[in-house]
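Here is a friendly walk through one protein, from single residues out to the whole fold. Keep the 3D view open as you read.

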Amino acid sequence: MKTKAIIFDLDGVITDSAKYHFEAWKELADRLGYKFDEDDNERLKGVSRMDSLNIILEINNALDAFTLEEKEAMCTEKNDNYVKLISKVTPEDILPGIAKFMADAKAAGLRLAVASVSKNAPALLTSLGIIDEFDYIADARKISKSKPDPEIFTVCAESLGIEPEYCVGVEDSQAGIEAIHAAGMKSIGINVTVTSIAPDLPLGSTAELDFAAMVD
């Protein structure tokens, strides 16, 4: 078997916490009186918290309206909103097909990692009851560049001790697919809206994941 590791995005791939990110940002935007809808939210997928805030401010022509300290306070507010929303997450919130796909990969001897820019990833994976299934979880605090930069995927591969060419990345965003390819890995895309590079294997949902058919 050529593939030795699978590296998962978290939001929108392992669980649908992406909707909670949207709701948390929406709550902040509404308080500020700013426009922010689901189409705008597509630009935030796979992007760091501060970069996400800057996108929202840019959409509203307010990129230079706040100091760095004020922006950091807004990011904290958004995170507080998000933590409240995910407090009731359970293993039942794992997306269809993911648990079996992970189990099949582990049974075949593959290593698993999570490449998420969310600082809440460990807490969320704990609530889902699967944190111990992963050999490595990227520390978002140590990742300096957001997707589509490949940093988080290359860090995962290095931490697993596996060359990128033997890794498969699973993502639901265009930025994530670009990051996987830039890292030199194969990609599986989950309902990705393609605007540039297409996934090597595009799927409509996680329910379509089939380890035996997808991993060589």
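Asn 79 counts as buried, with a relative accessibility of 14%. Here, buried means under 20% relative accessible area, exposed means over 50%, and partly exposed lies in between (1.4 Å probe, protein chains only). You will find Asn 79 in helix H4, which covers residues 68-86. Leaving aside neighbours within four places in sequence, Asn 79 is in contact with Arg 49 and Asn 120, where contact means heavy atoms within 4.5 Å.

A word about the source: this is a predicted model, in which local features need pLDDT of at least 70 and side-chain atom pairs count only at pLDDT 80 or more, while totals for chains, interfaces and linings use all residues. Residues are numbered from 1 along each chain as its sequence is written, and side-chain values use heavy atoms, with hydrogens and water left out.

Now look at Lys 147. Is this residue buried or exposed? Lys 147 is buried, at a relative accessible area of 3%. Its place is the loop between strand S3 (136-137) and helix H7 (151-160). Glu 133 is 14 residues away along the chain, and the C-alpha atoms of the two are separated by 24 Å.

| Residue | Relative accessible area | Where it is found |
|---|---|---|
| Asn 79 | 14% | helix H4 (residues 68-86) |
| Lys 147 | 3% | loop between strand S3 (136-137) and helix H7 (151-160) |

Next come the nonpolar residues. In soluble globular proteins, nonpolar side chains tend to be buried together. A nonpolar core is a set of buried Ala, Val, Leu, Ile, Met, Phe, Trp, Tyr and Cys residues joined through side-chain atoms within 4.5 Å. The largest one here has 34 residues, and Phe 8 and Phe 134 are among those touching the most other members. Not counting residues up to four places away in sequence, Phe 134 touches Phe 8, Ile 14, Met 102, Leu 112, Ala 113, Val 114 and Leu 125. Apart from this core lies another, of 20 residues, including Ala 5 and Cys 167.

Finally, step back to the whole protein. Helices (H or I, at least four residues) and strands (E, at least two) are DSSP runs, numbered from the N terminus; the protein has nine helices and six strands. Buried residues make up 49% of its 216 residues. The C-alpha atoms fill a box of roughly 55 × 35 × 30 Å, taken along the principal axes.
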